[in-house]
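This report goes through one protein model, part by part. Please look at the sequence and the structure below before reading on.

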Amino acid sequence: MIRTLLSAALGAALVATPASAQDAAADLETAAAAWVQPSNAERFRVLTEQLTAAGLDYEVQAFEGGNGRTGPLEGRNVVVTIGRGPVDIVLTAHYDAVPLEGGFSQGIVDNAGSVLAMMQAAVRLRETSAAEPFPYRYVFVFTDQEELGLIGARKWLESADRSRIAAVINADVAAYGDTVMYGENNGEQSAGLLRALRLQCAERAVTCVGFPVYPPSDDRVFSAAGLPVLSLGTQDAIGAHQMWLAFNGGETPGLREGFVPPVFQRIHSTGDVLDLFEGEDVARFGAFIADLALRIAIDHAAGG
Ligand SMILES: [Zn+2]
């Protein structure tokens, strides 16, 4: 019964009018522009202001972070909890960007795009949870200091009740493109989540590319702790395939000598800029994440 009701709610939620889809994309472009900032302190301000504007209550968790390079440095994770119940689906995206020699990355692809997609997902799950209460919490953790060594995620998990966590979905590198990339290297415990993801890709006719080797992000903190976790990103189709080859093509990837996939020329550089941001793609990805989280909750409730 729960499944039927939720499926109906999910179906209704998927029917967006073209006008509202265009509005959402335009709003996201405006929101993305605010992320061009000179420091992570400013990015924190933008994040909390945008959460407030979206009506999403948040909690700030300060921690002692930093690494050998920075020395001790206070960090701040920002947590938004949707719904209530004894089981958590955790959704993570880091909001910090990389300080560069003589400047600061705009950090749009890495990782304002994912943060904005997660905010979209939170709003969507709030609507779904209100329409059809379901005893699961969606805990969005916007992490700090990922770029310093996954520090924010580690600090959050240290203080979290792990026994509540059924699944973790991480998003990193997502500001454009309709191809969803995902890692297949987060342990046996993540097999059920991979199945749910692949089913959703098939049912929605979304092109999803699985990476046996996928670059690390905050997901590694959770898989190292034995928790089931998915790590997702988006790109255009060609970029996703080039990246797949670079990481998984072995000795003869078919890429020309010295070829660096465009996304790796962009992130962690002055090339990760606002111009790359595509509101429509990020809106679509946000909806995809929300529906995936709901699907995983339903599967979990059914004992899957
Ligand atoms: Zn990143």
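Cys 201 and Cys 208 form a disulfide, with 2.0 Å between their sulfur atoms; the term stands for a pair of cysteine sulfur atoms within 2.5 Å. A search of the whole structure finds one disulfide. The torsion about the S-S bond of Cys 201 and Cys 208 is about -90°, so this disulfide is left-handed. Cys 201 is buried, its relative accessible area being 6%. Here buried means under 20% relative accessible area, exposed over 50%, and partly exposed in between, with a 1.4 Å probe and protein chains only.

The model is predicted: local features need pLDDT of at least 70 and side-chain atom pairs count only at pLDDT 80 or more, while totals for chains, interfaces and linings use all residues. Residues are numbered from 1 along each chain as its sequence is written, and side-chain values use heavy atoms, with hydrogens and water left out.

The chain as a whole comes next. Its secondary structure comes to 10 helices and 10 strands, which are DSSP runs numbered from the N terminus (helices H or I, at least four residues; strands E, at least two). With 304 residues, a compact globule would have a radius of gyration near 19 Å, and the 18 Å of the chain agrees with this. That radius is taken over C-alpha atoms, and the globule rule is 2.2 Å times the number of residues to the power 0.38. Along its principal axes the C-alpha trace spans about 55 × 45 × 45 Å. Of the 304 residues, 52% count as buried.

Which protein donors does the zinc ion have? They are His 94 (NE2), Asp 110 (OD), Asp 172 (OD) and Asp 172 (OD), lying 1.9 to 2.5 Å from the ion. Donors are N, O and S atoms within 2.8 Å of the metal (3.2 Å for Na, K and Ca); water is not among the atoms, so sites may look incomplete. Along the chain the donors follow the spacing H-x15-D-x61-D. His 94 lies in strand E3 (residues 87-94) and Asp 110 in helix H4 (residues 108-131), so the pair ties together parts that are 16 residues apart in sequence. Both His 94 and Asp 110 are buried. A cis peptide bond joins Asp 110 to Asn 111, with omega about 25°, and Asn 111 is in helix H4.

Strand E3 also holds Thr 92, which is buried, with a relative accessible area of 0%. The side chain of Thr 92 makes a polar contact with the side chain of Asn 170 (2.9 Å). A polar contact is a pair of N or O atoms within 3.5 Å; within protein, one must be able to donate a hydrogen and the other to accept it, and residues adjacent in sequence count only if both atoms are side-chain atoms.

In helix H3, the buried residues include Phe 44, Leu 47 and Leu 51. At the start of H3, a side-chain oxygen of Ser 39 reaches to within 3.4 Å of the backbone nitrogen of Ala 41. H3 is followed by Gly 55, whose phi is positive, near 70°.

| Residue | Phi | Place | Relative accessibility |
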